[in-house]
Amino acid sequence: NDIEHIAASIDGVKEGRVVAFGLEKEERGTQEVVVLVESPHHEDRSRVQAIKKEIKGRVLREVDVNVDHTRVLPPQTLIKTSSGKIARNDNRRWFAEQLAASRDAAP
C-alpha cells in the first residue's frame, strides 16, 4: 500500500489507478517489485520515462525498496473487480503473461 500511495501521488498518474505487487523469481528465490500505473500521458515517451524514474526514485527514498518493473499504461487498462477495486492477483497474472511473452519474442 505504501508503494501504491507513493506512485499515485506522482504527477501524471491517474488517481486510484495504481497497483504494486511482488512477482516470484523462482530461479533466484526472490521477488521482483512491480508497479503498474495508468496515465493519460502513456503515449508521450518523455513523460513515461519521467513518471517511471520518479516512481523508482521516490519508492527507493521513502520506503527503501527497489522497483524492478514499472509500466505506464493507458487509462482503463488495469483489471478491476466487479466492485470496482483494483484486482491485484489478476493484474499480477496479466503482467507475468506479458513479461513471459516479451521474453519469448526476444531474439
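Trainee: How many salt bridges does the structure hold?

Mentor: Keep in mind that this is a predicted model. A salt bridge needs a Lys or Arg side-chain nitrogen within 4 Å of an Asp or Glu carboxyl oxygen. The structure holds 6 of them. One of these joins E4 and R88, with 2.4 Å between the closest N and O atoms.

Trainee: Which parts does the E4 and R88 pair tie together?

Mentor: E4 sits in helix α1 (residues 2-8) and R88 in helix α3, so the bridge ties together parts 84 residues apart in sequence. Buried means under 20% relative accessible area, so E4, at 13%, counts as buried. R88 is partly exposed at 32%.

Trainee: And where do E38 and R17 lie?

Mentor: E38 is in strand β2 (residues 30-38), while R17 is in the loop between α1 and β1, 21 residues apart. Their closest N and O atoms are 2.7 Å apart, in a salt bridge. Both E38 and R17 are buried.

Trainee: What links R58 and E62?

Mentor: A salt bridge again, 3.1 Å from N to O. Both residues lie in helix α2 (residues 45-63), 4 residues apart, about one turn of the helix. R58 is buried at 17%, whereas E62 is partly exposed at 48%. E54 joins R58 and E62 in a network of salt bridges.

How values were computed. Residues numbered from 1 in each chain as written. Predicted model: local features only at pLDDT ≥ 70, side-chain atom pairs only at ≥ 80, totals over all residues. Heavy atoms only, no water. Helix = DSSP H or I, 4+ residues; strand = E, 2+ residues; numbered from the N terminus. Buried < 20%, exposed > 50% of the residue type's maximum accessible area, 1.4 Å probe, protein only.
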